[in-house]
Amino acid sequence: MVAGGTSSSSSPTSTAHDGESSDDEWVITSRDRPKKTSKHKPSTPVSALTDAEILPFCTDPTGLIDRLLQAYPSIEDWGRLQHGAEHPFQAQLYRLLEGQVLDPGTFVLTMARYTALLFAEKGATDPKKYSAKFLRSIVSACFRAMDRLLQTPPTQYKMPEREKDLISFEDIEEDNLISFDDDDDIAANNNHIKEEAADSQDKNDDSDDDSAEDEDEDEDEEEEEEEDDDEETTVTLVDLLGIPKDVQRRYTVTDEHKAMCVSMAHTECLVIVVHYAITTFQLQDVLGHSGHAEPMGIYLCKELLRQSRYTECIKSIRSLNLFDAFPVEQFSIEIMNISQAQKLLPTYVVGLPDLSRRLLRFLNVQFRYIYAGSLDIVPRELLDSVDEDAKSIPALTRLRDPNFMRALRECAATVAQDIHASLRDDYYFIWLSQRHSSLRFMITERAIQQNADNNNVSIQASANWNGLILLLTQEDPVLAKLAIKELVDIQDPVAPAHFASCLKQQPFFIAYNTLPMRDRQLGYFDNEKMLPHRSAFQARKRSTSPPQEHYYQLPYHIQPVMVDTSEMAHHMQCVLRQSKICSLDTEWVPSFAREESATKTALLQIATDQGSVFLVDFYTAFIPENRAFLLLLYQVIQELFISKDIIKLAYDFTGDISLLRQAMPGEKAELPLNNLIDFKHVNKTGGLGGLVRTFLGRTMNKRQRMSNWEQRPLTPEQVEYACGDVYCLLEIYSALIKSKHPFASSMPIVHLKLPHSPRPKASNVPPAYTPTTPSPSGSSYFSPPPHTPSATRPLHLTQPYIPQANDQMTYHN
């Protein structure tokens, strides 16, 4: 009986062991083509195949595919009926292979081969129905079913049910049958046997003496051979269980199966089948590195690459270990022009540190071309070999495309993270390109903000972005020069001179500002594209800024307190112990402005019902010599978070608390947060600003959100923003209770009567007080701030604010 054979009405035709069949045998004939199905939607809903419908095709793999396509006419039907189905086709095919098919390997390969040929023919006229995605879904389901069968433990091996039914007496050899001959015939036969034995014995006696020595030598040789056989023989579980060879074959990949796969690799439309078969049919030792059919494996990968099957190509190269035939530099050039290159290249080298470093070196050379111009921004010693490298590693043609450069940066960042490489130390130009991209973003956002402020180009008006630009550029002279160059290019009348003074780059500013436009070439290429005039940068959402009086402002009686010493931490602890409700928020430097990838909390704001907003200076606490101060903060904050007597208010605090836990001492800081009310569930859109607009009738000025929260002292605008961003939560809480909002029904109630007397505008807010060095004594007393004019108020408190009678703050449990 032929396993995996095809019926007379199916095509392509094959036999059980057709691994050496030619491609001509697999041509679909007009007689054997599946019947055309109507393009109109069926009048009855499409239903999934059942096991009973699949069973008759146990000897007809091509007929099974035809029936499958009738049941699932399109990829949409396939996906809909397979998703969540009680018996998906993959499981059905596994049961068929296990219980009915004599040679499952040939059966599956025949199915996959026929499917690929059918889709190649039909896809030319109906590409939507016979799509590449549909083909991959069917073929991969076939091989997954075969994978599952090959993983069957030997103790569960069995013959197909239909084979057991075929056993009969006609199959038993005659020598093993019981004979009913007459007794006389039996006796005569026995006498004849005895006479022949006697004659043989006489002959043996004559030769015994002559062959005694030869027999001794033969016995010695036989013993040696038996010892050799014992050393080479490996006893497997299959041998111990006594499983017949024909049963073992059903659960084994044979040389015939591998030969079938190799033969399919010659055909263009069948390479996708071979790709899926590599792992299932163990083709690594055949098509892989040093395999006898390695050239065919190389051809397979090249054909997948030519067909733009990039994912399959990469998987095949990795599975077959053919990296030598596809050097990472050349392979990168091959796929750089596709949109998903930044995601594909890291998968090519993942888990291979040496190959990853080669890719990073290649990308580093490409990024170096961007800064190899005549401006002397980058030190010349870093550019000495540019001309020489251009001969072996030419510049990619799309390096002028900003989107392409972004994709390369993403690719480099992913690969560097995988091998824990330091870009700044080992691949400087990749690092420089990433920092330069962040710098350009900040400069363009700064210009957008200026245009939104009626072309206000003053330094003070852009203080938030200025702080971030300085944070990014102050440690590297190359970035400092690039900042000045970009500001000159967009024709900002004030900023270039300001940053040249701050970054001590006046000579470069003077030299670059006097250059004609044709000589301002940063990179290796001609016709370099520079940033346009600053007037070209407009806000993505055109909106009119509300008048200043419509912004939410912190009530005047609320006192900001900078907690940057142990004494102030003790004072904050005392105030919090007297509080019944407080609100929480945090601030940190945007990730694009930081060199290191880890984001750290710079400021924790805590607004209390005692009339204070504490600004907890984590940036100062993270300084190594302030370890004692950090430990004290951890104790104070942990006490607050654990307390079930104090209500905590916040808005979308999940990310904030995660960063706080990472910032605390110890590998796994425990900060359980009890009695928290998170207002993010009050409104689905609009954020905190939407809540302030809905319940307080004001607009939040979020400009300072993008600012350098690690600069000390903080600017008055930052102090005003940080305090208002957290104190407004207390007012929203009170408004929810007064309006009897449905959300308030689930909150613990503390009735607050909060007067809202706004503070002066930011221009009248006193400058922030410079933090002092934390006191190592940990005393509960704190020194008063330095003398300030009576017209201003210091940031630090000499005593906690005491609510007055006219504030009307009452509590009702």
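User: What is the relative accessible area of Lys702?
Analyst: Lys702 has a relative accessible area of 32%, so it counts as partly exposed. Buried means under 20% relative accessible area, exposed means over 50%, and partly exposed lies in between, computed with a 1.4 Å probe on protein chains only. Please note that this is a predicted model: local features need pLDDT of at least 70, side-chain atom pairs count only at pLDDT 80 or more, and totals for chains, interfaces and linings use all residues. Residues are numbered from 1 along each chain as its sequence is written, and side-chain values use heavy atoms, with hydrogens and water left out.

User: Understood. Which residue does Lys702 meet in a salt bridge?
Analyst: Its side chain meets that of Asp725, at 3.4 Å from N to O. A salt bridge here is a side-chain nitrogen of Lys or Arg within 4 Å of a carboxyl oxygen of Asp or Glu. Lys702 lies in the loop between H32 and H33 and Asp725 in helix H33, so the pair ties together parts that are 23 residues apart in sequence. Helices (H or I, at least four residues) and strands (E, at least two) are DSSP runs, numbered from the N terminus.

User: And Asp725, buried or exposed?
Analyst: Asp725 counts as buried, at 5% relative accessibility.

User: How many salt bridges does the structure hold?
Analyst: There are 23. One of them joins Glu639 and Arg577, at 2.8 Å from N to O. That pair links distant parts of the chain, with Glu639 in helix H30 (residues 627-642) and Arg577 in helix H28 (residues 566-577), 62 residues apart. Glu639 is partly exposed at 33% relative accessibility, while Arg577 is exposed at 56%.

User: What does Arg594 form with Glu710?
Analyst: Those two form a salt bridge, and their closest N and O atoms are 2.3 Å apart. Arg594 is in the loop between strand E2 (581-588) and strand E3 (601-608), and Glu710 in the loop between helix H32 (687-696) and helix H33 (716-738), which places the partners 116 residues apart. Both Arg594 and Glu710 are buried.

User: Changing topic to aromatics: how is a ring pair defined?
Analyst: Rings of Phe, Tyr and Trp (its six-membered ring) pair if their centres lie within 6.5 Å; planes under 30 degrees apart are stacked, over 60 edge-to-face, and the rest tilted. By this rule the count comes to 19 aromatic pairs. Phe143 and Phe281 form an edge-to-face pair, at 5.9 Å centre to centre with 85 degrees between the planes. Phe143 lies in helix H6 and Phe281 in the loop between helix H13 (271-280) and helix H14 (284-287), so this pair ties together parts that are 138 residues apart in sequence. Phe143 and Phe281 are both buried.

User: Which residues form an aromatic cluster?
Analyst: Tyr72, Trp78, Phe89, Phe119, Tyr130 and Phe134 form one cluster.

User: Where does the charged end of Arg148 sit?
Analyst: It sits over the ring of Tyr94, 3.9 Å from the ring centre. The criterion is that NZ of Lys or CZ of Arg is within 6 Å of the ring centre and within 35 degrees of the ring normal. The charged end of Lys600 likewise sits over the ring of Phe622, 5.7 Å from its centre.

User: Last one: which residues of helix H27 are buried?
Analyst: In H27 (residues 506-513) they are Phe508, Phe509 and Tyr512. Seen down the axis of H27, the buried residues fall within an arc of 100 degrees, so they line one face of the helix; the arc is that of the directions from the helix axis to the C-beta atoms. Pro507 and Ile510, on the other side, are exposed. The buried residues of H27 pack against helix H25 (477-489) and helix H26 (495-502), where contact means heavy atoms within 4.5 Å.
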